[in-house]
Amino acid sequence: ELRHSIFYREDGGILSTDRNDSPMQLIYYLGVIDILTPYNFVKRTEHVVKSLVHDGSQISAINPRKYGLRFLRFMVRSLDGYEDVLPLLDEFEQTTYGAICREHRLF
């Protein structure tokens, strides 16, 4: 029955737990936006124009791979013990990501 599905509990949110996996009083709601928005000429132009006024690395109209890395860093920093994971992200960004960008002439 659908009402027993994890997606229907807590009104579609995720109940928080503490370090011992005991339920807490917070419910988290997650959403993914812009996943279907193509990074085309319009978005590239938006990035250039907004970069004239704001820090280009902090605006939303950004190369999808850079956006993904920024989002991943944000999510990792919200976890306990994230300090252990950040060097792995740095290594990924410098090796794999760099190679992908060079291959596709993204920078």
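Helices, meaning H or I runs of at least four residues, and strands, meaning E runs of at least two, are taken from DSSP and numbered from the N terminus.

Before that, a word on the model. This is a predicted model, in which local features need pLDDT of at least 70 and side-chain atom pairs count only at pLDDT 80 or more, while totals for chains, interfaces and linings use all residues. Residues are numbered from 1 along each chain as its sequence is written, and side-chain values use heavy atoms, with hydrogens and water left out.

Let me begin with the chain as a whole. The protein chain has 3 helices and 2 strands, and their order along the sequence is β-β-α-α-α. Buried denotes under 20% relative accessible area, exposed over 50%, and partly exposed in between, with a 1.4 Å probe and protein chains only. On that scale, 14% of the 107 residues of the protein chain count as buried. The accessible surface of the protein chain, from the Shrake-Rupley method with a 1.4 Å probe, comes to about 9100 Å², and carbon and sulfur atoms hold 59% of that surface. As for contacts, defined by heavy atoms within 4.5 Å, consider those in the protein chain with a separation of 6 or more: residues 24 or more positions apart account for 16% of them.

I turn now to the strands. Two strands are said to pair if DSSP finds at least two bridges between them. Strand E1, residues 14-17, and strand E2, residues 23-28, pair in the antiparallel sense over 3 bridges. Thr17 has Pro23 in E2 as its bridge partner. E1 and E2 form a hairpin, with 5 residues between them. Here Asp21 returns: its phi is near 65°, a positive value in a residue other than glycine. Is Asp21 buried or exposed? At 56% relative accessibility, Asp21 counts as exposed.

Next, helix H1, residues 41-53. A salt bridge here is a side-chain nitrogen of Lys or Arg within 4 Å of a carboxyl oxygen of Asp or Glu. The structure holds 2 salt bridges. In one of them, Glu46 meets Lys43 at 3.0 Å, N to O; these residues are 3 apart in H1, and therefore separated by about one helical turn. In the other, Glu46 meets Lys50 at 2.9 Å, N to O; here the spacing in H1 is 4 residues, so the separation is again about one helical turn. Lys43 counts as partly exposed at 24% relative accessibility, and Lys50 counts as partly exposed at 32%.

Finally, helix H2. Which residues of H2 are buried? They are Leu69, Arg73 and Val76. These cover an arc of only 70° around the axis, which puts them on the same side of H2; the arc is that of the directions from the helix axis to the C-beta atoms. The expected span of a helix is 1.5 Å times one less than its number of residues. The 14 residues of H2, residues 64-77, should therefore span 20 Å, and the end C-alpha atoms are 20 Å apart, which agrees.
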